[in-house]
Amino acid sequence: MEMNTYEKEHSALMRRAGAECALFLKRGSGFPLDAPCEVALYGSGARNTLKGGTGSGDVNSRCFVTVEQALQGAGFTVTTKDWLTAYEEERGAARRKFIKQIKTEARKNHRNAIMEGMGAVMPEPEYDIPLNGSGHTAIYVLSRISGEGSDRSPVPGDILLSRTEVRDILALQNQYQKFMLVLNVGGVVDLSPVLNVENILLLSQLGVETGNVLADILLGKANPSGKLSATWSAWRDYPTIGAFGCFDDTPYTEGVYVGYRYFDSVGKKPLFPFGFGLSYTEFTVRPGTVTLDGETVTVTAAVTNTGSRAGREVVQIYVSSPAGKLDKPYQALAAFAKTRTLEPGETEEVTMNFKLRELASYDEDMSAWVLERGDYILRVGSSSADTVPTAILRLENDAVTVQARSCFGKTGFTDWKPECPAVAEAPDGLYVLQIPAGDIVTQTVAYDVTRPIDPAIDDLTDNELAYMSVGAFDPKAGVLSVIGNASQSVAGAAGETCGMLKDKGIPVIVMADGPAGLRLSRDYTVDAKGVHPIGQTMPDGIIDFMPAPVRWFMNRSGSRVKPGTDVRRQYCTAMPIGTALAQSWDLELAEQCGDIVGDEMERFGVRLWLAPALNIQRDIRCGRNFEYYSEDPLLSGKLAAAVTRGVQKHPGRAVTIKHFAANNQETNRYSNNSQVSERALREIYLRGFGVCVTEGQPKALMTSYNLINGVHTSEHRELIEDILRCEFGFDGVVMTDWIVSIGMQSKEAVHPAPNAGRIAAAGNDLTMPGCNDDYRAIMKALADGTLTREQLAINVSRIYRLAKALAED
Ligand code: BGC
């Protein structure tokens with residue numbers, strides 16, 4: 001079937017964008033190839049290429065081209081058909097065994113197999129298939145998948161390479177004249193056993209065009225220009241200071257030392273540092289001027305393409321702040337810019353800026369953001385490990401930038417700090433800029449603000465206010481669907497607001513998932529009762545673990561369409577996963593991706609996109625890292641803001657940034673308690689959300705499943721009111737993550753589920769996707785006085801205003 005014009009345009013952009021997100025970790029001889037040739041293609045991702053991860057972040061595009069198909073389409077002759085088929089059989093058998101094993105375990109432990117299996121990563125099987133493809137060129141595509149519901153593990157075939165993978169990759173490096181290891185992964189794999197491979201490409205998972213982007217890179221039609229958005233190291237070198245994957249309470253003992261902030265501060269060299277990436281060409285970056293205008297620091301740098309192919313470079317500014325009362329990580333990203341495409345020999349001067357107050361640290365004793373006195377050493381370069389000290393910003397006295405208020409209680413432990421921290425050296429004679437005393441003004445935050453009630457809401461009864469607060473409330477329905485299909489208006493949309501008050505002028509807000517595109521059902525039918533998706537709307541990772549009769553029934557009822565039925569289509573574009581988009585370090589591209597989503601939302605009647613997702617990649621084991629951008633809050637926040645701008649330039653469309661906050665693991669995800677110090681929360685886990693709110697003005701936000709220091713984020717008034725609304729200035733709608741309140745928690749979990757009454761009392765406007773119990777909980781809270789009508793009316797006013805604004809836009 002011929003693609004629609006919009007699909008062609010969107011895919012074309014994805015194909016161009018792909019190489020911006022990919023990068024070489026190692027680059028040697030042999031590539032790019034002069035022309036298509038015989039290619040011996042191996043590896044898990046060659047035929048089963050992955051466009052993204054599993055779960056609500058998976059996008060149902062019309063079609064998807066695998067690496068094998070793309071290479072053939074580009075004129076290559078794949079000489080390893082037998083290997084690929086034999087591998088498929090091995091993998092199929094292993095998958096069946098894996099599913100059976102999970103189901104048996106679940107039965108034995110009286111647990112739900114779907115919950116146990118959701119997002120569970122099947123380690124790559126071990127096998128012995130001869131590597132006998134002809135030709136001089138071999139490509140090994142290594143893939144890894146993960147998704148919501150489960151975390152990854154440092155076992156062979158997941159974070160570690162399997163025995164078979166190591167053996168085959170090393171053999172291929174010797175056996176073929178030209179060899180490239182291609183990583184079709186959503187997160188870090190430990191490459192330490194295969195470091196002598198000459199060419200390693202981190203292709204990532206790039207949505208619909210993943211295979212074609214690789215073909216373009218192999219043939220030199222595209223030049224990768226990405227940079228890592230996380231530190232890639234050997235598994236054994238990652239810190240073990242903070243805990244990860246604990247069932248009930250997870251102490252973030254490492255404090256602010258996350259990712260490169262840890263590696264640099266203890267002087268440990270990772271295999272591939274944050275911000276690193278190679279391409280087919282080389283660049284020099286020469287720092288230029290540094291100027292200070294009030295609080296704004298402006299830095300220029302001249303970038304020259306010194307290689308022999310056109311390409312793009314990312315310039316990065318890091319600042320080492322002086323340790324005082326507060327310890328400081330060795331350095332933190334302060335700004336970045338990507339050049340345009342530079343021809344060989346061409347130079348571009350890029351300009352970057354940031355505000356001095358963005359360098360402040362949070363002092364818990366003072367409940368304030370403070371710039372401590374001393375020298376702030378500014379370095380410019382092309383990765384976190386390759387910078388040149390460029391200037392010193394000198395501050396004579398401590399300065400309070402924001403007088404805040406404590407919001408998160410105590411953790412019961414003191415954050416770790418390095419015993420002998422690496423100290424940033426500034427060479428003699430480095431240019432010094434004095435920060436004039438008095439230039440830094442203390443901002444005070446207005447808390448305890450009275451929020452308005454819209455006159456249109458005044459006349460609603462208590463019951464009506466309660467309906468409006470619980471998603472697509474319908475008294476006749478019970479619990480609404482889990483993932484991907486709780487909307488009556490748009491097939492496969494994740495949810496919507498209550499439609500019972502349409503007559504009173506309150507429009508419905510339809511919401512659909514992301515973040516790697518818009519998640520809807522591909523095909524559907526419509527009748528008087530509403531829309532009906534055809535085929536599966538649930539992610540495969542869930543279907544696989546359902547009992548056989550249920551699977552049979554779902555397949556049958558979902559896919560049987562009577563002849564002559566009017567079948568409608570919604571083809572959405574799968575785009576690069578969050579991490580890959582972040583690797584582009586390209587805010588323009590991020591905005592364009594948002595633009596594509598906004599366009600598809602207009603076509604299919606979706607008002608709110610449940611994305612971008614900007615949680616911090618705290619640990620490489622988090623099963624949802626692929627949806628998230630980075631281990632760095634600034635990069636995460638800037639990208640989310642750019643995507644937001646792209647979506648929200650479309651009339652009546654807006655984003656829902658998620659998951660607020662400290663949602664960094666999937667183990668016991670509904671009721672895990674993140675124990676984090678207020679400083680680490682503010683500097684690392686909340687900062688990106690603040691940047692996104694300021695620079696992108698998202699119209700909605702989703703709280704997370706987890707608790708923070710004992711309080712569910714969905715019920716956390718300080719998080720929602722004090723931080724989000726008062727400090728960040730957010731004035732949109734806040735909603736919960738899906739089914740928080742219906743007791744999906746494991747029976748063994750110690751922290752009880754949230755409750756819609758408490759959620760509303762915390763100023764969280766919507767419990768999603770909404771069910772009878774939520775409605776009853778709100779009515780009960782109103783009756784016992786734990787929720788006031790005023791608070792409920794304030795919440796509903798926000799929903800009303802957004803619904804109206806989107807409908808009238
Ligand atoms: C996920 C959210 C998603 C929601 C709706 C939840 O399970 O955590 O990210 O937006 O489902 O599908």
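**Around the ligand and beyond**

Trainee: How far from an oxygen atom of the ligand does a polar side-chain atom of Lys658 lie?

Mentor: This is a predicted model, in which local features need pLDDT of at least 70, side-chain atom pairs count only at pLDDT 80 or more, and totals for chains, interfaces and linings use all residues. Residues are numbered from 1 along each chain as its sequence is written, and side-chain values use heavy atoms, leaving out hydrogens and water. For Lys658, the distance to the ligand oxygen is 2.8 Å.

Trainee: What percentage of the ligand's exposed area does the protein bury?

Mentor: Accessible areas come from the Shrake-Rupley method with a 1.4 Å probe. Taken alone, the ligand exposes 310 Å², and the share buried by the protein is 99%.

Trainee: How far is an N or O atom in the side chain of Asp513 from an oxygen atom of the ligand?

Mentor: Asp513 is among the closest of the 14 residues surrounding the ligand, each having a heavy atom within 4 Å of it. The distance from its side chain to the ligand oxygen is 2.3 Å.

Trainee: Are H1 and H14 roughly parallel or roughly antiparallel to each other?

Mentor: Helices here are DSSP runs (H or I) of at least four residues. The axes of H1 (residues 5-21) and H14 (residues 587-604), lines fitted to C-alpha atoms over the stretch in contact, come within 11 Å and cross at roughly 155°. Angles over 145 degrees, on a scale from 0 to 180 between N-to-C directions, count as roughly antiparallel. H1 and H14 are therefore roughly antiparallel.

How values were computed
A polar contact is a pair of N or O atoms within 3.5 Å; within protein, one must be able to donate a hydrogen and the other to accept it, and residues adjacent in sequence count only if both atoms are side-chain atoms. Helices (H or I, at least four residues) and strands (E, at least two) are DSSP runs, numbered from the N terminus. Angles under 35 degrees count as roughly parallel, over 145 as roughly antiparallel, 65 to 115 as roughly perpendicular and the rest as oblique.
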